[in-house]
Amino acid sequence: MNNEYTKDAGIFKALCDEKRLKVLNLLRSGEKCACVLIDDMSIGQSTLSYHMKILCESGIVVSRQEGKWTYYRLSESGSRYALERLLKITTPEISNTK
């Protein structure tokens, strides 16, 4: 299978869950500690970890470790790539044949 499609599937998997969409919305205002996301979403740490793994693997979110906490933020390049791929695969090709 084409590696590009495998990457696309990871991106769209990241976007097809309500909890992950809520995380993305929360991250729009800037970097957040996992502890803040856990509180804001009223979920457990293992549930958050599962969703953040998918979001980070998609490239849309990046993380950094500081002490015992992980901080997450939107990746500008990952978000741009996801948008470009969505546009490319959903835009009809224009045929020049008559």
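E31 and R64 form a salt bridge in this predicted model, with the closest N and O atoms 2.8 Å apart; a salt bridge here is a side-chain nitrogen of Lys or Arg within 4 Å of a carboxyl oxygen of Asp or Glu. E31 lies in the loop between α2 (18-27) and β1 (32-33) and R64 in strand β2 (residues 61-66), so this contact ties together parts that are 33 residues apart in sequence. The structure holds six salt bridges.

The model is predicted, so local features need pLDDT of at least 70 and side-chain atom pairs count only at pLDDT 80 or more, whereas totals for chains, interfaces and linings use all residues. Residues are numbered from 1 along each chain as its sequence is written, and side-chain values use heavy atoms, with hydrogens and water left out.

**Salt bridges around R64**

- R64 also meets the side chain of E66 in a salt bridge, at 2.7 Å from N to O.
- R64 is partly exposed, at 35% relative accessible area; the classes are buried (under 20% relative accessible area), exposed (over 50%) and partly exposed (in between), computed with a 1.4 Å probe on protein chains only.
- E31 is partly exposed as well, with a relative accessible area of 34%.
- E66 falls in the partly exposed class at 43% relative accessibility.

**Salt bridges around R85**

- Salt bridges with shared partners join E4, D8 and R85 into one network.
- E4 lies in helix α1 (residues 3-15) and R85 in helix α5 (residues 76-90), so their pairing ties together parts that are 81 residues apart in sequence.
- Helices (H or I, at least four residues) and strands (E, at least two) are DSSP runs, numbered from the N terminus.
- R85 is buried, with 5% relative accessible area, whereas E4 is partly exposed at 33%.
- In general, side chains of opposite charge can pair when their charged atoms come close.

**The sheet**

- Three strands make up an open sheet in the order β1-β3-β2, with antiparallel pairing; two strands pair if DSSP finds at least two bridges between them.
- β1 and β2 stand at the edges with a single partner strand each, so one side of each has no neighbour in the sheet.
- β1 is joined by two bridges to strand β3 (residues 69-74), and the two strands run antiparallel.
- C33 has Y71 as its bridge partner in β3.
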